[in-house]
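Visitor: I'd like to go through this one piece by piece. Could you show it to me?

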Amino acid sequence: MMTLKLFGIVFFCGLLSPSHEVLSGLSCAVSPGAIQKVLSDAMLRKRLLQQHVQGLVLPNIMGEGGLPNSPTSITGLHLAEIQVPRLSVALLPAIGVQMTITAKLKLGGSCLVGLLPELVSILVDVNVTVNIKCTNFESGTVQVVIEDCLCILGAIRIRLLTGVLSLSVNEIVLNQLTVTLPGLLCPVVDIVVKLVSIRLLGTVNAVVPVGTAGTIHYRLANLPFTSGLSLVLDLDGTVKQVGGSIIPHDSSPSALPPLLDKLMILVLRQSFLNAALSLLLRPPPQTFSCTPEAFSGATRLQEAIETLFPAGCSSCRGTSPLSIRLALSGNPLIVLEENKATVELSVMILMSLKSSDGTTINLLLVKA
């Protein structure tokens, strides 16, 4: 469960530059291509943008054009459909993410040319570019804001049921849409970006229960950092046992490896893994009864014990009352090496036996 939740943080992560230091137990690096895919899925594939733009109402368009000496008016103009939307992402050093959405907008309405009213269909190419940045870092949270929304209109095609309007009408419509559309589209994009950011940033400030042993709380350690090639996210993880006591871990600086040709790198520091492992791996004490069938050396060991404790083991032969108890001593330790991870457990081994009168005799206590 912890692993699945942690992978949610990659949505707003990026590549760490070689000189950037990480001050937390968790860090991640994501390529611009991966960020683009996540944003495109959240906004376009799940139709979040389309739902908020659908039915957008535009002001009436009035102008001179169409038939000679006949004014043209287009009323009831609304956004009927957004076609082939695409999203691209660029990273701006020390600023954030630049996101560009290109699409074809299909507008519908009623057109009056002279005295002949009829339905009109307008297809316009649009390009909306916004700069997204994180600000106001406080207690593991940030505010996502949009700056410099730029809406550019491209080709425009106007069609009536009876045919195509004149070029002069195209120019009138393009001029008026150039004035009105940015003021309508930019606020919608702002709303959609904030909805997506709330959903994604919620994955980097979460408390994950670890069974009944405790919780792992991870959150932003500082503001995201952007270079020309990468967006960086550092997290601070707090591992708590039941009752609220914190298991400490080293948070001294370290650096992420280069992203190279990978889409995503998620780094968990060894010290953080050790703290988490202390919750995840808590085996209860185990007691084993050493019968000859269960313990290969039981017979010879039994004979040796009977020699040492003849009074206590006069009736031990054949029953092997020797028992071994294993109990965890201290916290588990994970050691990371190249292509290898080793978990070390310190245990206390207690060897004991019961005499014929039921008395327990402790023979050996060793830490291993």
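This is a predicted model: local features need pLDDT of at least 70, side-chain atom pairs count only at pLDDT 80 or more; totals for chains, interfaces and linings use all residues.

Visitor: How many salt bridges does the structure hold?

Guide: Six. One of them joins the side chains of Lys 37 and Asp 41, at 2.9 Å from N to O. Both residues lie in helix 2 (residues 32-45), again four residues apart, about one turn of the helix. Lys 37 is exposed at 54% relative accessibility, whereas Asp 41 is buried at 19%.

Visitor: Which residues are linked in a network with those two?

Guide: Arg 45 is linked with Lys 37 and Asp 41 in a network of salt bridges.

Visitor: What about Arg 219, which residue does it pair with?

Guide: Arg 219 forms a salt bridge with Asp 236, the closest N and O atoms being 4.0 Å apart. This pair links distant parts of the chain, 17 residues apart, with Arg 219 in strand 9 (residues 214-220) and Asp 236 in strand 11 (residues 231-241). Each end is partly exposed: Arg 219 has a relative accessible area of 22%, and Asp 236 has 26%.

Visitor: New topic. How many residues are in the largest nonpolar core?

Guide: It has 76 residues, and those with the most contacts inside it are Met 43, Leu 49, Met 99, Ile 122, Val 173, Leu 177 and Leu 185. Helix 4 (residues 167-201) gives the most to this core, with 14 residues. The core also draws at least three residues from each of domain 1 (33-202) and domain 2 (206-280). Those domain bounds come from an automatic or database domain assignment. A nonpolar core is a set of buried Ala, Val, Leu, Ile, Met, Phe, Trp, Tyr and Cys residues joined through side-chain atoms within 4.5 Å.

Visitor: Which residues is Leu 177 in contact with?

Guide: Leaving aside neighbours within four places in sequence, Leu 177 is in contact (heavy atoms within 4.5 Å) with Leu 58, Ile 61, Leu 77, Leu 107, Ile 122, Leu 153, Ile 156 and Pro 182.

Visitor: And helix 5, how many of its residues are buried?

Guide: Nine of the 11 residues in helix 5 (residues 270-280) are buried, so the helix is largely enclosed by the rest of the structure. Among them are Phe 272, Asn 274 and Leu 279.

Visitor: Next, the backbone. Which residues have a positive phi?

Guide: Val 84 has one of about 35 degrees, and Asp 148 has one of about 55 degrees. Neither is a glycine. Most residues other than glycine have a negative phi. Val 84 is found in strand 3 (residues 71-92), and Asp 148 in strand 6 (residues 141-160). Asp 148 is exposed, with a relative accessible area of 58%.

Visitor: What does Asn 131 touch?

Guide: Not counting residues up to four places away in sequence, Asn 131 touches Leu 92, Val 97, Gln 98, Val 145, Ile 146, Glu 147 and Asp 148. Asn 131 sits in strand 5 (residues 116-138) and is buried, at 12%. Its side chain makes a polar contact of 3.2 Å with the side chain of Gln 98. A polar contact is a pair of N or O atoms within 3.5 Å; within protein, one must be able to donate a hydrogen and the other to accept it, and residues adjacent in sequence count only if both atoms are side-chain atoms.

Terms used. Residues are numbered from 1 along each chain as its sequence is written. Side-chain values use heavy atoms; hydrogens and water are left out. Buried means under 20% relative accessible area, exposed over 50%, partly exposed in between (1.4 Å probe, protein chains only). Helices (H or I, at least four residues) and strands (E, at least two) are DSSP runs, numbered from the N terminus.
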